[in-house]
Every structure is written in C-alpha cells, then in structure tokens.
Amino acid sequence: MTVRNETRGGAPDDGAVAVQRPPAEVRYADELAALRADDRDPRPPGWELSLRAARRFIVGDAGTGIGRKFVGNPSLVDRALVTLATSRGLMLVGEPGTAKSLLSELIAAAVSGDSTLTVQGGAATTEDQIKYGWNYALLVAEGPSTRSLVPAPMLRGMAEGRLVRFEEITRCPLEVQDSLLSLLSERVVAVPELTGPEGMVFARQGFNVIATANTRDRGVNEMSAALKRRFNFETVFPIPDLDTELALVEAEVTTLLRRSGVEPPPDRDVLEVLVGTFRELRAGAGDKGGAGGSDRPTAVMSTAEAVSVAHAVGVRGWFLRGEPGSAADVVACLAGTAAKDSPEDLARLRRYLEQQVPRRHGPQWKALYDARHLLAD
Amino acid sequence: MPAVFLGVRHHSPACARLVERTVEELRPAQVLIEGPAEMNGRLDELLLGHELPVAVFSHYRDERRAATSWAPLCDYSPEWVALRAGRAAGAEVRFIDLPAWHPAFAERTNRYADAEIRYAEATERLCRHFAVDSSDALWDRLFEVEPDDGLADRLDAYFALVRGDAAADAGDRARETYMAAWVRAAVGRAGNRPVLVVTGGFHQPALRALTEPGGEGCAQDECWEQDEDGWPRVPAPPKGAMAGSFLVPYSFRQLDAFAGYQSGMPSPGYYQRVWDAGPEAAADGLLRVVVERLRARRFPVSTADLIAARSLAQGLTALRGHPSPARIDVLDGLAGALITDDLDRPLPWTTRGALTTGVHPVVVEMLAACGGDRTGRLHPGTPAPPLVHDVAARLAALVLDGGTGTSYRLDLTDATDLERSRVLHRLRVLGIPGHGRTAGPEHGADPVFTERWEAQAAPGREAALVEAGAYGATLAEAAAVALAERARAAAAEADDLAKTLFDAVVCGMDGFSEQLLGELSSQVGGLRTAGPLGGILATALGLWRHDRVFGMARGPLLASVVEGATARLLWLLEGARGPAGVDRPRLRAVVAVRDTVVHAPELLPVTRATVAGIARRINDDPEAPLDLRGAAFGLHRALAEEPDAFGDPADAVRAVARAGADALGDWLAGLFALARDEVTGVVGEDGPGGGSLIDVLDGLIRALPDDEFLAGLPALRQAFAFFPPRERERIAGRLLERRGVRGSSRSLLRTTADPLLIAGARTLEESVSRLLARYDLGATP
C-alpha cells in the first residue's frame, strides 16, 4: 500500500522533530486552529472550514497574521475551492515545479484537516492502491470481512468524508484512471466480496478528489473524455511577476546558503539576472509575442530549479573564491541545469546568452554575457 | 460655495450612476468635466444625437513631433453622463482639461486611460489585501458590484490611497493646475449655487488641495492666463503647428483593453449591459452569449457544463462576498466548467493588457462576447473629421479627382507620380473605395516602375472616410495607424506580414510612426519559420540598401525590420531541425543573413564574429539538417576573419561524403548557396585552394558505386544548380582538363536528350547486363 499516513507526525512536540517534513495540517496547526475558532461563515457539509477561511489560510490574511502560502493568482484558489464544494473533482495541471502538490496539500489540510489521504500515481499504480486491497493472511483465515479489507485512500476518503489527493494522475495507466469514473459520478464503491450493507461504501459529505497532472510527462490529452468531464481543470502557472519570484528565490536561497555554511548573502543583482534568465527561457526566449512553444527548453525552468541553481552559485562562489556568487558562476551552474537532459537545451542556453543577453543593460547582464564562453562547446 | 468633486474611473457604470444622481440632487450651476477644453465652443456637436461610442479625436503635428489621441465616450462614461445630465439640468457644462496636443499628454493616445495603472504600487497593495488578481478585479469588487450607498466616500478613500504615495509627473501637475484654475473661476462665477467637478479620480485629491480657499493657490510658473470673461485661456498650439479636435465614430473593439493599448475598462459590451440592465442581467446575458457563440463554433457545451458554470459562478460570487455576480465570477465559472485542457497562457482577465497568441479558443470566444461589437455612428449633421478634408485637398492638389472611369498611369521614378501613388495606396490600406490598381509592382523586388490606377464607382466612400477619420487627421497618419493595426493582427503569419511591410513601403511610411515601426519589428520577431522570414529580410535589406523608387533607402522603417528579422533568423537557424533534403527558402534566409552582416552591420546588435561563431556551431551540430550545415560552413567562411582556421573545405567534403551521396548533395547545396566563389574559386582563376574542392569532389563521385551514384544524383544536380551556366561550363572544362580530354565543355552540359531518359537508358542497360551475367550469357565487354 502506498498510503502515506504512516508518516503522519501528530502535534509538533511529540516527536515530530524527527519528521523531515510534517504535513501541512501539522506545520500550520496553529493557524488552522485559529481560523476554525473564528470561522463564522457557512461551511459546506463535511468541511472543516468555511470557503472563506480556507481561502484565507492559503492566500494569507495580513489582518489576522495568516501567512501567504501560495503565491499564484488568488482567483485560482477561489475557483479551486468552489469546485471542490460542487460535485466535480479538481484537476490541477501545469509545468513541474509550479507548486501544484503544495496547493493540493494546503487545500486538503484546510478543507479536511488532513492532507495525507494521497494516492501517488505512477506506471505501476493498480486499482487496489486506489480503492481497497486485502490482508491476505486474514482473508485466507476468515474469509472476506471488514477486518480483512484494507481500505486504500479513496475508500477511506469516501467513508470519512474527506478530500483525497491523487498525485500525477496521468502517469497511471488509462484503465486505472478510468476506475475513478463511477466513483466520481455515482459516489459509491461496491465491494462485491462483502455482503450486506458493508458491500456498498457510499461517499459521505466532504469527499472529493484533487488530482494533479504535469504537462511534461504525459499530458492530460490522453485522458478519457468521460473522466475529463468529471473534473474542473485549473492550470497552475509559474509565478507571474518578477518581483514576487525574485523575493521568493532570495528568501529561500538565503536560508539554504546559511544552512550550507556560506556566510555572505546572495548578491541581489546576480539573483535578478538569474531569475530573469530563468523567466525568459521559460517563456521561450527570443520569441517576442509568440506562443513560445518551440523555443522553450525541455528542462524544467521552475522557480524551485532557480532556487537550487542560486544555491549552487552561492556555494561555488564562497567555497572556491571566498566571495558571493557572480554572474560567471550563474553561467557555469546553468549549464548543469539546462543541459540536464539534452544538448538541445545547452544550445538554447548558448543562443540565449549570445543573442538575447547583449540587448539587456546593467553590469551583471554584461558580466553574464562576458562569461558565455564558460558553456562547454 | 465650494465645489463638489467627484473622482471617477473612466468607463465605469457605477461612477456614471453616481454622477447622474449627484447632478439630480445638486442641481449645479456649473458642471466641469475632464475633457479637452478646446471643444467648449462646440459642445453642441457632442449632443447632436449620436449613437455611442464616439470619441473626441485630437491631432497635432509640428516639425518635431506628431501625435494623435482619443477621448472615447460611451453610454456609461461618467464624463458623458455629466455632459448629458448637466445640460438637461440647465447647468453650464464645460470641459476643463488641457488640449490633447499639450506636451502634458506626450506618449498618451487615450485621454481616458486609467491613470492609477501608472501608479501601480498602491493598487498592487490593495490587490494583495483583498486577494484579487488584478486592478480590474479589484475595481469590480470594490465599486461595480457593491450597492451604491456610500459609493462617493469609498471612491474618495480609494483614490486618496492610490494618489497617496505616488508622485504625479510633470504632465499631471500641469493638467491639475490648469483644471484647478477652471474650478476657481467657476466657483467665483456660480456665487451661491453649487459647482460639480467630474474628473478622473486620480486627479481629484490634487484638485481639491489646489482649490481649497486659502490653499497653496498656484505657483508663479504654473499660473494660467485668463480671458476677458475670467475663464482660463485655452492654450493655443505653437506657431506653425497644426492641431485640432473632431468627433469620430468609435467602437467597443477599440475600447476593449484586451484588444489594444491604453484603453479604459476591459469588456465594454459587458459593462454596457450592466449599465442598461444591472449586474444580474449582465451576468445572465454574458453566460448566454458565450454559450451561443461557442455552440455556433461547434464547440460542445452540454447542459451539465452549463449547470457547472452557473453553480461555479454563484459559488465564486458568494465566496468573494459580492452582492451580485461580477464579471470575473462569470468568466471564472465558465472557464472552470468549459476548459478541459491545460492552458498555454494564464486566463487573460487575471492580468492586464492585450491578448497574446496562444490563448485557448474558448477563452477567446468568452472575451469576444464580453467585448461586444457595437460601433458608434455620428449624427449626419456632425462636421466631418479632418481626414475627409485632407483627402479631398490632396486628391485635388495631385489632380487625382477625375470622375469614374478616369485612369492614371503613374511613373514611380517621377516625384509627383510617386506622391500620387502613395496617396492612392494610403487610401487603399484604409479601405476607402474609389480607386483600384490594375497594374504595378507586386512585391519589394519587383522591377516594375509604373502603376495603373482607375477611378471606380464608390458607394459608401463618404462613410468609409468618416470612419477612417478615427485613425488620424491626415491621410498619412491614418494609414500608419491602420497599418500598425494590421501588423498586429498579422501575428505570426509571414505572408500577411510581408504584405503589410510592402504596403508600408508603397505608402511611403518611413519614419512616420513609432508605433508602426515597433509593431512591424516585433511581429517579425514572432515568426516561426526561417524561409518566409528570410524572404522578408532579403526584400527589406535590398530596399534598405538600394531603393531609389519608393524613397525608403537607409530609412528607419526598414532598418528596424532588418534588425528584428536577423535576430530572429539567427535564433531560428541555430535551433533548426528537419528532414533531409534541401530547403531552398531556408538557404536563401541564410544568404540574407550573410548579406545583412556584410552590408548592414550597423543595424545589428550582434557582431560579425558572433554570427561566424553561430555558423560554426550549426555546422558542427550533428542534428542540424545537412543543407543548413553546408550553408553554415559557407557562412562561416564568408564571415570569419580566418576562414581556414575552421578547416579545409576539401576535408569537410570528405567527411560529409562518408554519409552517402545524397547527404553530400544536400550539404553541397547549402555550401554552394552561400559561398560558391569562396569555396570553389571557379570564378577567379585558381585561387588559393580553389579548384581543389572540385578535384576532391570529382574523385569522390568517381569512386561511388553506380547505384549509389544514381541515388545521390538528384541531390547533387540540385547542388550544382546554384552555379550559373557560365560557371558550370568552367567546372566542366576543368573536369575535362583533369582527365586530359580535349573537347567542348559546353557540349557536356547540354545533352542532346532529356537527362531522365539517359538515366532510364542506363538503368535498363544495367539490368540487361545483370540478367545476361546471371545466365552466364557472356556480358559484352
């Protein structure tokens, strides 16, 4: 079984110190409790919070000291929450590294108080990892019964009226994806091995599904129309605005660098050049106004990737020369990111450095241009 | 009695309602409106009974700059309502802003563009506070869907906040002191009766401060002269400049922020319905129109989808705390329910600005439904816009005003005839009927220097002229705006773009309009195939270097196209992939790049060495198509300072030949297209290394087995087709010489029979000899 809830940490003081990354409902337990206490708005049946409180939890609320946890468009969060309160599931699609999983985790924590009912999709995912399986020792000894039945996240979510997260749904085989069909429309799972009322598990109020799919591996195009129709689609985009992304990268990198023992904070101008480069490559550099598809690198140019490159830049500058990372380090580290999969991307990066960067102004952009030879031929 | 200030957002139904109510309650003696003061003598023209939207169109031209701007008015514009209701209430109504030509408006083409957008910091903070995506959503949330009580106070608070920490620029400052002068004059004249001032909310706090009794008044240099009645004088345009304002018809499409620049609110069609019938009805209407449009386009919208869209919209309305559905609630609901794909671009209403390509078709239909298709119409009694007179005067001056059936033969090398041709072409691009061209140059490289035009019957000509009047005051300006619009619409279509560019050339648009310039070069930068782009570059470069006919040589229009096209081509070429074979348009594009680097390096942001480096990498790239690699080899030789450092062509040929004869043919085609002189030296007598390539090739081809030779023959023939006959003859001569044969090299090139027939005969002969060999019938020696 790939149910993740074995890792669930409980309250932060009883041993959660050992957990690398406690789930959202543990990390933000205080905020959730405060929101629940002040929540006067109507709640959809089966929800732990009202829609408005859930929204405040995710997009933040300066007045009550709730931090902003998701930096995308607030209207996306609105649509996602309203969708979950209706009878359709929510499908979050987007490039890797756009915080889809984070968003689904936050929503599940806010709506159900539990983000751990998760199915991780993959080529080997089978139906019993979604609905239910059996404890074979008990099954042989006692025959089918509720004791020998091992409920998987969907069945538990339905029985308990909670949100179930289905990560990377498009990586599952199509027939496995389609096993969700009846579950989403009839809202019931039949367990033919059991007799009596236990043979039918009806979804309680509060049950719904948040699926995520990334557009790189296997897009949503192959998904059956019948299943598509049971979901509302929301595309999650990279952070739209430079300043927000820059601030996020700066904050993350500063923490990471400190943890790696690098003393000087990252140079903001260098970070700006780095984030700017990522943004332009992501949008399909050299393609003013067009849709950019053909010029986009195949490597993932996400904010998360920018953070890791910036981290590498800082480490390199400090441990090699004892100074903050420079634009030349950016070029050297970018080669590693962009050329991860393909020489095509390396060529794209070189084209960008040679042809687009000289049009930019500023000393760091110039330094970036001057360091272009650091890309291996 | 102090003035009552209403700060409004242009094109806002809520503000329009507020203005209407305030006029009714206040019964003011004076209504002052942000609008071009030079129109004050002609306000009656505005109230003739037009079908809105219409715009006050202002134009200006002196030796240094030309500017046009619009002040659009629709049914729900607060300015329009103030004008209409103020008159109806018996008030004196006046426009109090500076004329559009005043330097305060430099760079602005729409008087009623949202000023607060320029000072985004405060709106951004508010957006974050209210957790909305964009200032439009914020505005709807705070004002349009809220009940009208307390609206004026909320507006005051909002605009005070927006204005708060923003330092207004010099233009704003000039306009505000001028408007304040009007307010002071009006208050003085109105005595005890109220004065109502309707201006953009951004200016309202400043105006209030400037007109406070005992306030700062005006500094010495900011005082405006007064006329004999005590009103501020309307500044006159500088001597020698031409300026004026006229009414022109306008359309919702022009008004829509998704369709163009600097517009006020997006989705005028939707807000018209809000104004006419209220937000509930507008939301219903929008849903209906979108579904009708989608179904008409055969996009399946099921009843279940409709239910989902409706319930989503209602849920969003409730979640966001809107008393009635706002525009984005309906749009978000529709998008959530109808789109079952991943999107390429974020939903347009989550940001601000014009639509880009790659927007989901459902979203495009939704926005079109929001935009509406209403077009204004002027009352027949309205004085004609200046364009009408300009056209008439020009046609008369150039003796082009003959009746139907007159034909004109224009010699483009003659200055007057060229001017005539330009005028007729400009009329053509504006879509004004009356003249048709029956002959003339078709494209930039067409060596035709005469044109024939015929005057035709032209129903609807007057209406078309008035409509085109919205584009500009003079024919040239109007044509430039129309062409820029066309260039924008041509997005990523090379043919359309080339046509637009050629039209800009024949219209003589050089240096006329920054907007056209920017539009053309940025659209060129968006093309995706090298071939057509190369065609555009070659033509533009040729005209830039040599044009004497259209007068475009060395001009900025072509320079910007050349620059944009070269940068884009380099980008595309280095990433090019594709099947084997020779892509001739693409090879010509490489030639065009070479010519640009050699003949117009001053136009390019990249250096010659960079381009040579790019060429070198393309040639080294094993994934690149072979013809392109050959061309890159040639490009490198043509541009690099030390061409030989890159390797001997003969070695390169040997390396390519290992991949087979047809690969060699493709590669050679590319090479010969770019650098046949440099490489073969057949033109100059045996240069350094010249001729040796031919020798190497001869050796390679002779060594080919027959069937491989036949397989590679078409590609090889194609490669040598890049040589003109005389050079081919020299090559043939050289081959004869190598074999020590005497004879006419020409006869080698001109076979007596069709080469295909000869090849067929050879194949037949070979299969016969194979058959004979198989049965051991002793092949003939």
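**Aromatic pairs, the chain interface and salt bridges**

In the predicted model, A:F57 is buried, with a relative accessible area of 0%. The ring of A:F57 has a charged neighbour, as A:K69 lies over its face at 4.3 Å from the ring centre. In total, 15 aromatic pairs are present over all chains. One of them joins A:Y28 and A:F57 in an edge-to-face arrangement, with 5.8 Å from centre to centre and 80 degrees between the planes. This pair links distant parts of the chain, 29 residues apart: A:Y28 sits in the loop between α1 (24-27) and α2 (29-38) of chain A, and A:F57 belongs to helix α3 (residues 51-59) of chain A. A:Y28 is partly exposed, because its relative accessible area is 22% and the class of buried residues is limited to values under 20%.

An edge-to-face pair is also found in chain B, between B:W139 and B:Y158, with 5.7 Å between the centres and 70 degrees between the planes. Distant parts of the chain, 19 residues apart, are linked by this pair: B:W139 lies in helix α5 (residues 135-144) of chain B and B:Y158 in helix α6 (residues 151-164) of chain B. Both B:W139 and B:Y158 are buried. Together with B:F143 and B:F159, the residues B:W139 and B:Y158 make up one aromatic cluster. Elsewhere in chain B, B:R554 is placed over the face of B:W544, at 4.2 Å from the ring centre.

Chain A contains 16 helices and nine strands. Its C-alpha trace spans about 75 × 45 × 40 Å along the principal axes. Of the 377 residues in chain A, 53% are buried. Considering contacts in chain A between residues at least 6 apart in sequence, 70% join residues at least 24 apart.

The interface of the two chains brings 50 residues of chain B into contact with 47 residues of chain A. The area buried between chain B and chain A amounts to about 4100 Å², and carbon and sulfur atoms give 48% of this area. On the side of chain B, the residues that lose the most area to chain A are B:L319, B:D342 and B:W571, which together account for 19% of what that side buries. Five salt bridges are found across the interface of chain B and chain A. A salt bridge also joins B:D305 and A:R88, where the closest N and O atoms are 3.0 Å apart. Polar contacts across the interface of chain B and chain A come to 11 residue pairs, with both residues at pLDDT 80 or more. Two or more residues on the side of chain B that touches chain A are given by each of α4 (120-130), α12 (303-319), α13 (327-338), α20 (514-524), α22 (556-574) and α24 (608-620) of chain B. The element that gives the most to this side is α12(B), with nine residues.

Over all chains, the count of salt bridges comes to 59. One of them is formed by the side chains of B:R84 and B:E20, at 3.5 Å from N to O. B:R84 is partly exposed, with a relative accessible area of 32%, and B:E20 is partly exposed at 26%.

The side chains of B:R428 and B:D503 meet in a salt bridge at 2.5 Å, N to O. Helix α16 (residues 415-429) of chain B holds B:R428 and helix α19 (residues 494-506) of chain B holds B:D503, so parts that are 75 residues apart in sequence are tied together. B:R428 is partly exposed, with a relative accessible area of 36%, whereas B:D503 counts as buried at 7% relative accessibility.

B:R437 lies in strand β9 (residues 435-439) of chain B and B:E451 in strand β10 (residues 450-455) of chain B, so the pair ties together parts that are 14 residues apart in sequence. B:R437 is partly exposed, with a relative accessible area of 27%, whereas B:E451 counts as buried at 1% relative accessibility. Salt bridges that share partners also join A:R55, A:D78, A:R79, A:E234, B:R320, B:D329 and B:D332 into one network.

B:S58 belongs to strand β3 (residues 54-61) of chain B and is buried, with a relative accessible area of 6%. Its side chain makes a polar contact with the side chain of B:S245, at 2.8 Å. Leaving aside residues up to four places away in sequence, B:S58 touches B:E38, B:A67, B:T68, B:S69, B:A100, B:G244 and B:S245.

Note on methods
Residues numbered from 1 in each chain as written. Chains lettered and ligands numbered in written order. Heavy atoms only, no water. Phe/Tyr/Trp six-rings, centres within 6.5 Å; stacked < 30°, edge-to-face > 60°. Helix = DSSP H or I, 4+ residues; strand = E, 2+ residues; numbered from the N terminus. Buried < 20%, exposed > 50% of the residue type's maximum accessible area, 1.4 Å probe, protein only. Lys NZ or Arg CZ within 6 Å of the ring centre and 35° of its normal. Contact = heavy atoms within 4.5 Å. Buried area = accessible area lost by both parts, 1.4 Å probe. Salt bridge = Lys/Arg side-chain N within 4 Å of Asp/Glu carboxyl O. Polar contact = N/O pair within 3.5 Å; in protein donor to acceptor, adjacent residues only side chain to side chain.
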